[in-house]
Amino acid sequence: MVGLFWITEESVHLGAEPIGPTSGVRLTEDGVQGLGNAPDPSWSWDEVRQVEIRDVKVRSVARRRVALTLGALYAAVTGDADEPPSCTLRVETADRTAELSFYASAVGGIYSPAEFALSRTLLDRIAGGGARVGDLLAWRREQADDTTPPPEEREALLRMWAGGQAH
C-alpha cells in the first residue's frame with residue numbers, strides 16, 4: 001500500500017484490493033474500472049474528464065494514533081471490530097457522473113494529510129495523462145517482497161510519481 005493505492009504486480013487499486021464480490025476500483029493503463037457492481041462499469045482515460053476522491057478519513061499523525069488506540073480499545077472491550085470505512089471515487093465523463101465505492105486500506109481507515117494530498121495529485125495526473133499506472137506496477141515488480149513501505153518511503157514514492165518522475 002502506498003497512499004490510497006494498493007499495488008500488486010498485476011493491479012493497482014484505490015483502497016484495499018477487493019476480494020470476491022466486494023466493491024472496489026481498479027486503475028489500469030487503459031482506464032478506471034468499478035468492481036463489485038453488476039455490470040462492472042469502466043471508462044478509458046480518454047473518456048474521463050475528472051476524478052474526485054470523497055469520504056476518506058484524514059487525520060494528523062497524532063490524531064491518527066489516538067483514533068487507532070481508541071478503536072483498538074473499543075474492539076478489545078466489546079469484541080466488535082469494524083470493517084474498513086468505505087470511500088468514494090467520483091468519475092466524471094462527457095456523458096455522465098458515476099460514483100464507485102472502495103474500502104480504505106490504511107490501518108483504521110485513516111490516512112495522513114500528506115499521503116492523502118499526494119494520492120489525490122497522483123490520481124489527477126494519471127487521469128490527465130501526466131502519470132502512468134505502469135510506473136506503479138513497475139515499482140512493485142522491482143520490490144523483493146510485498147510489504148508496505150514505511151511512511152517516509154511511501155511519501156517519497158508518491159512525491160516522485162505525483163511530480164512526474166518515472167521510477
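1. R132 is a partly exposed residue, with a relative accessible area of 46%. Its side chain meets that of D135 in a salt bridge, at 3.4 Å from N to O. D135 counts as buried, because its relative accessibility is 17% and the cut-off for buried is under 20%. Note that this is a predicted model.

2. Now the overall layout. The protein has four helices and 10 strands. From the N terminus on, the order of elements is β-β-β-β-β-β-β-α-β-β-β-α-α-α. Of the 167 residues, 41% count as buried. The protein exposes about 9,000 Å². Carbon and sulfur atoms supply 49% of that area.

3. Contacts across the sequence deserve a look. Take the contacts with a separation of 6 or more: residues 24 or more positions apart account for 63% of them. R125 and G163 give a case of spacing in sequence and in space. They are 38 residues apart in sequence, and their C-alpha atoms are 8.8 Å apart. R125 lies in helix 2. R125 is partly exposed, at a relative accessible area of 22%.

4. Helix 3 spans residues 133-142. Is helix 3 largely enclosed or largely open? Seven of its 10 residues are buried, so helix 3 is largely enclosed by the rest of the structure. The buried residues are V133, G134, D135, L136, L137, W139 and R140.

5. What covers the buried residues of helix 3? The cover includes strand 1, strand 2 and strand 3 (24-27). Helix 2 (113-128) and helix 4 (151-162) are also part of the cover.

6. The loop between strand 1 and strand 2 holds S11. S11 is buried, with a relative accessible area of 12%. Leaving out residues up to four places away in sequence, S11 touches W6, R26 and L137.

7. E9 is found in the loop between strand 1 (5-7) and strand 2 (12-14). E9 counts as partly exposed, at 40% relative accessibility. E9 also belongs to a negative surface patch, formed with E10, E17, D145 and D146.

8. Charge pairs come next. Side chains of opposite charge can pair when their charged atoms come close. How many salt bridges does a search of the whole structure find? The search finds eight.

9. E115 lies in helix 2 and R154 in helix 4, so the pair ties together parts that are 39 residues apart in sequence. E115 counts as buried, at 5% relative accessibility. R154 is buried too, with a relative accessible area of 12%.

10. Helix 4 also holds a pair of its own. The side chains of R159 and E155 meet in a salt bridge, at 3.4 Å from N to O. Both residues lie in helix 4, four residues apart, or about one turn of the helix. R159 is partly exposed, with a relative accessible area of 46%.

11. Which residues are linked in a network of salt bridges? They are E52, R54, R90, E92 and E99.

How values were computed: Residues numbered from 1 in each chain as written. Predicted model: local features only at pLDDT ≥ 70, side-chain atom pairs only at ≥ 80, totals over all residues. Heavy atoms only, no water. Patch = residues over 30% accessible without salt bridge, like charges linked within 9 Å, V, L, I, M, F, W, Y side chains within 5 Å. Areas by Shrake-Rupley, 256 points an atom, 1.4 Å probe, with all protein chains shown as cover. Salt bridge = Lys/Arg side-chain N within 4 Å of Asp/Glu carboxyl O. Lys, Arg positive; Asp, Glu negative; His and termini not counted. Charge placed at Lys NZ, Arg CZ, Asp CG, Glu CD. Helix = DSSP H or I, 4+ residues; strand = E, 2+ residues; numbered from the N terminus. Buried < 20%, exposed > 50% of the residue type's maximum accessible area, 1.4 Å probe, protein only. Contact = heavy atoms within 4.5 Å.
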